[in-house]
Amino acid sequence: MKKFKASHPWPLEFKIEANCSKSKARASSLLLPNYICKTPMFMPVATQGIMKSLTTEQLKKLDCHLILANTYHLALNPGKELLDFYQGIHKFMNWDRAMLTDSGGFQMVSLAKLMVVNEEGVSFTSHLDGTEMFLSPEKSIEIQNSIGADIMMQLDDVVSSTTTGPRVEEAMWRSIRWLDRCLKFHFENEQKIHKQNLFPIIQGGLDIRLRKICCEEMIKRDCSGYAIGGLSGGESKDQFWRIVSLCTDLLPKDKPRYCMGVGYAEDLVVCSALGVDMYDCVFPTRTARFGNALTRKGAFDLKKSTFETDTTPI
């Protein structure tokens, strides 16, 4: 397997401001092309380039530094041509702070019945109109270049965290090969290499040996940050936290670490103590749209009759 190593400096600076004396937690500044973010940081999910029920001005008032959008969904609607017309997602959605785009790999799990994967890439049947969409590592980066996010994610071969057997190792090695293809394609785009970062995604399921191999291989590519993927899919908390701790022990201390798909308060606290800097999840905004409020005193289902005449602030 031919390894591709970054040949240009990445447009990211990571400054650790403080370290916890009792855990692996740290407070940092993440300097990106469009904003200076403070970590640990939760990134709300604007899947299709819009935060449901919130405006960009409201997000700023909430001190949101970075939001996440999804390559697969943006490729379907509004599509690459319209994103090129607006010169990227920032102008399209009137957002002048940082942006991260998922590569479309997660849809291999969430839309498992609508996709077929092989070494070349993944074929999806659109959940909107049934048309076919092929996403290769190169195509994923091409779309993400058009989106213009500060941080792009590699296309990875994603399997459920509870999957066992040879499929887990196959997905891990394929993710490493796909990372090389993503890097090669990105560094051929002279206009984007100084504006966008590309994070690898550590795979390997719950297998400690595979996670170690994946960390070692992806560190060799010398990217500007690293993501821990393939978790929060049904495994126990103990299994989840052990894999996170293993990965943060192995990943570079001077680069940001992103644990994908994590949004429960308990996990944010524990994973921050384990040395993670960045998180994303649809949980907070989705649960709010269903009428639930997350407070310091716990979650409240505001649809219950007990709240009908309760006029006190949430």
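## Labels and their cut-offs

Reader: Is Lys303 buried or exposed, and how do you know?

Author: Its relative accessible area is 55%. Buried means under 20%, exposed means over 50%, and partly exposed is in between (1.4 Å probe, protein chains only). So Lys303 counts as exposed. Before we go on: this is a predicted model, where local features need pLDDT of at least 70 and side-chain atom pairs count only at pLDDT 80 or more, while totals for chains, interfaces and linings use all residues. Residues are numbered from 1 along each chain as its sequence is written, and side-chain values use heavy atoms, with hydrogens and water left out.

Reader: What makes the contact between Asp301 and Lys303 a salt bridge?

Author: The rule asks for a side-chain nitrogen of Lys or Arg within 4 Å of a carboxyl oxygen of Asp or Glu. Here the N to O distance is 3.0 Å, so the pair passes. Asp301 has a relative accessible area of 25%, which makes this residue partly exposed.

Reader: How many salt bridges does that rule give?

Author: The count comes to 24. One of them joins Asp84 to Lys80, with the closest N and O atoms 2.9 Å apart. Both residues lie in helix H3 (residues 80-85), four residues apart, about one turn of the helix. By the way, helices (H or I, at least four residues) and strands (E, at least two) are DSSP runs, numbered from the N terminus. Asp84, at 37% relative accessibility, is partly exposed, and so is Lys80, at 26%.

Reader: Why do residues four places apart point the same way?

Author: An α-helix has 3.6 residues a turn, so residues three or four places apart point the same way.

Reader: Which parts does the salt bridge between Arg181 and Glu138 tie together?

Author: Their side chains meet at 2.9 Å, N to O. Arg181 is in helix H7 and Glu138 in helix H6, so the bridge ties together parts that are 43 residues apart in sequence. Glu138 is partly exposed, at 23% relative accessible area. There is also a network of salt bridges linking Glu119, Asp157, Arg167, Glu170, Arg174 and Arg177.

Reader: What makes S5 and S11 edge strands?

Author: The open sheet has the order S5-S6-S10-S11, with parallel pairing. Strand S5 (66-70) and strand S11 (197-199) each have a single partner strand, so one side of each is left without a neighbour in the sheet. Five bridges join S5 to S6 (residues 98-102), and Ala69 has Thr101 as its bridge partner in S6.

Technical notes: Pairing = 2+ DSSP bridges.
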